[in-house]
Amino acid sequence: MKKFLASTVAASALALMLGMTSARAEDTVDPNAKQGGEIIATYKDDVTTLDPAIGYDWQNWSMIKSLFDGLMDYEPGTTKLKPDLAESYEISPDGKTFTFRLRHGVKFHNGREMTADDVKYSLDRVTNPKTQSPGAGFFGSIKGYDDVAAGKADSLAGVTVVDPYTVKFELSRPDATFLHVMAINFSHVVPKEEVEKYGADFGKHPVGTGAFKLAEWTLGQRIVFERNPDYWHKGLPHLDKITFEVGQEPIVALLRLQKGEIDLPLDGIPPAKFQEVMSDPEQKARVVEGGQLHTGYITMNTTMAPFDNVKVRQAVNMAINKARIIQIINGRAVPANQPLPPSMPAYDKQYKGYPYDVAKAKALLAEAGHPDGFDTQLFAMNTDPNPRIAQAIQQDLAAIGIKASIQALAQANVIAAGGDKAGAPMIWSGGMGWIADFPDPSNFYGPILGCAGAVPGGWNWSWYCNKDLDAKAAEADSIVDPAKSDERYKMWSDIYAKIMADAPWAPVFNEQRFTMKSARMGGADNLYVDPVHVPINYDNVYVKDVQ
Amino acid sequence: MITYLGRRLIQTLLILLGVSLITFALLYLLPADPVRQIAGRSATPQTVENIRQQLGLDQPFVVQYWHYLTRLISGDLGRSYIQRSEVTELIVSRLPASLLLMVGAILCELLIGLSMGLIAAVKRGTATDQTLMVASFVGVSAPQFVVGLLLLYVFAVRLSWFPIGGYGTWRHLVLPSLTMGILGAGWYARMMRSSMIDVLRQDYVRTARAKGLARGAIIFRHALPNAILPVIAMIGIDIGIFMGGIVVVESVFGWPGIGQLAWQAIQRVDIPIIMGVTLVSAFAIVLGNLLADIIAPFIDPRIKLR
């Protein structure tokens, strides 16, 4: 295998790997974009923290991306990787050493230049157990991770500062997802002096290198972002100011949008108002629809009778009328036949999945020794529309003789039942369904379908553990060479096909995202349903009514 | 009076201790694991255990409660699991908004409730009386989120008299206060009516009438001050009802008070915030009752504190 230089070469190779066309990071500023102006966005829930090592919410995910930067990022509105704070990178032939060269002259909001020491510090910090980062496990492939996680070391042995503008990562195993890991919020770069100054309150006083800086935070009321005039990416961001008003119910936010008081109600269109909005041409024109890296599914506990019989699980797959369930949510989804969503690389377009076939389902159930069905429980989250979806599933199951009683509980209680081996025979994942952390097929496997997740408190609610597939997954993820990405994706497609043959899940739908905006908002539609900067890409949107 | 206050103070402390123990125990027994909420979906089992250890949640219940209690005595409510900020800071920053809403709501319910009750009592048995009593019944029974959304729709969306949710000016205060006040107003109207009817039946009122005093003078100068006493004593007890109501009303109107804080914390199993808000609310209720008891002898000399 030859050693290859990154920057344009690897970026285009990676782009090919992701099945997209190539473009340079610097070229992505929209030539029609207008500079300046202020907008108001709303959220229902308060923003919890803006610390990149900790924040993991709908509200703060993209906000953190606008305040901080990582070594890697994605082309706006796409799942295409590009270098960000890194100018270029190199991957060793064995796939175990990644060397990043940093941009010169990138400044933190406090004026100090960002260097390789900051990159190392940020990774040491996020993996340190004292930081309590939910994302620490993403860095498990870096050498020395286990010692830091166990509290035996303060610093990752595998991260070396070569010079102020070069940082080298040594991995304990080849990791094809590593560039994605360098783009995830948890790896974003923070300045040591500010973290030490504010301690546990750094999340309320964030200082990064990002396009915006925090100007005001009034707890429970509003957060104000101001344009960072020294941002290294010339021409960005377009907006001078973003005010996030929190504590606004989606229905109230929609009313305010209709009155022209706000620009972006970011919790989306409330289900009760969806039809009304979509049947009004003027309002519909301001709705942007996009896919997201999400799948909604029914898990069946493969360790619990009768779901320990694959025929029973296949029967359930054939009994579910997905089209009718999608009607319940006003058509805001597409039917799913496999774990991966359609916008994910390695999604198998040829795969047909289980057909909706009640007679066949009944026959399978009889073959499994349950000609008259059986009694079971279906757990679901208790917020709309999930109880209604659970009822539809209940009716579908009743049609083949399975009598499922519905347990509609608060989210935390459903999660607790799923993480208990004897807790829940079936779970409808709605409201808790998997949304990928990064656009790579492996992210849909480990925690939710692999053996690693089938542990008490884990997210593999089917308790499905197939050691052969675990080995295949490890093999696929050791193919780091972007030139072989098709081979890698093929392996992943096969893994998911095998999973579907075992049928631990009945995939139901892939949710679509609908973002509504005011008429003055400009910028490409895909910025408003950005698959990575969720929910929207604040750095690249603009307003049309500034001079 | 001083022994009375001393005894009440001890009672208050015991109540708060009881509330803290019960709430802490209930949250401990909850099947939901707060560490899973903090750790999120992608955390490895090792990360989860690290967080559990860091927060001391791997300790037995008694140890956890003891730690909480010792910190509480020094005025430390701990740090939020999810927001990582001091709970005291979060509550203090939101308390003014809730207090303001409470004052607005009390004004609304007294103004509406007392006048409705008064008119109904004076017009007893007429269609006006019946209409007012039906209205008060609706006020008592209507769910607050329905009332809130209805008021929002009519007065903010349709008529544009008031802003649609938010916080800042007196105009923001009107609709949430009204939503909270309508519930209490119903109770006050019914209490005021029966209390007023009782007083109007008394001999001294008949005497006043026999003396030929004007109707207005009888009602406002002689009957009202006596009829209003038992009603006023209710305000202290009302605080308890408010504490329940603000959770809903603050969420509907985007009012940045402790009710909204509590609601968001409950959804995320953010135990330190739930504990903090519960304790502050319990304290407010006990204080309200205490004030009602202390004020009672001043407005009704027949009552003595012992």
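Which residue in β6(A) does A:Ile91 stand opposite?

Reply: The model is a predicted one. In β6(A), the residue opposite A:Ile91 is A:Phe98. The strands concerned are β5, residues 86–91 of chain A, and β6, residues 97–102 of chain A; they run antiparallel and are joined by 5 bridges. Between the strands of this hairpin there are 5 residues, and A:Gly95 takes a positive phi near 75 degrees there. As background, strands of a sheet pair through backbone hydrogen bonds, either parallel or antiparallel.

A parallel case is found elsewhere in chain A. Strand β2 (residues 38–43) of chain A runs parallel to β12(A), and 2 bridges join them. A:Thr42 has A:Pro265 in β12(A) as its bridge partner. Both strands belong to an open sheet of 5 strands in chain A, with the order β9-β10-β11-β2-β12 and mixed pairing. At the edges of this sheet are β9 (212–218) and β12 (264–265) of chain A, each of which pairs on one side only.

Next come the helices of chain A. Two packed helices are described by the angle between their axes and the distance between the axes. For helix α10 (residues 310–319) and helix α12 (residues 358–367), both of chain A, the axes come within 8 Å and cross at roughly 165 degrees. An angle over 145 degrees counts as roughly antiparallel, and α10(A) and α12(A) are therefore roughly antiparallel to each other. The crossing of α10(A) past α12(A) is left-handed. On the α10(A) side, the residues that meet α12(A) are A:Lys311, A:Val312, A:Gln314, A:Ala315, A:Met318 and A:Ala319. Their counterparts in α12(A) are A:Val358, A:Lys360, A:Ala361, A:Leu364, A:Leu365 and A:Glu367. By class, this contact has 8 nonpolar, 1 polar and 3 charged residues.

Helix α14 (residues 411–418) of chain A is largely enclosed by the rest of the structure, because 7 of its 8 residues are buried. The buried residues in α14(A) are A:Ala412, A:Asn413, A:Val414, A:Ile415, A:Ala416, A:Ala417 and A:Gly418.

The contact between the chains takes 41 residues from chain A and 40 residues from chain B. On the side of chain B that touches chain A, at least two residues each come from α2, α3 (45–54), α5 (87–122), α7 (144–158), α11 (234–253) and α12 (258–267) of chain B. The largest share of that side, 7 residues, comes from α3(B). Sorted by class, the side of chain B that touches chain A has 18 nonpolar, 16 polar and 6 charged residues.

Chain B itself has 13 helices and 0 strands. Its C-alpha atoms fill a box of roughly 85 × 55 × 30 Å along the principal axes. Of the 306 residues of chain B, 40% count as buried. Among contacts in chain B between residues at least 6 apart in sequence, 72% join residues at least 24 apart.

Definitions and conventions: Residues numbered from 1 in each chain as written. Chains lettered and ligands numbered in written order. Predicted model: local features only at pLDDT ≥ 70, side-chain atom pairs only at ≥ 80, totals over all residues. Buried ≥ 20, exposed ≤ 12 C-beta atoms within 10 Å, placed from the backbone. Helix = DSSP H or I, 4+ residues; strand = E, 2+ residues; numbered from the N terminus. Contact = placed C-beta atoms within 7 Å. Nonpolar A, V, L, I, M, F, W, Y, C, P; charged D, E, K, R; others polar. Pairing = 2+ DSSP bridges. Axes fitted to C-alpha atoms, helices over the stretch in contact; angles between N-to-C directions. Parallel < 35°, antiparallel > 145°, perpendicular 65-115°, else oblique. Left-handed = near helix turned anticlockwise from the far one by under 90°.
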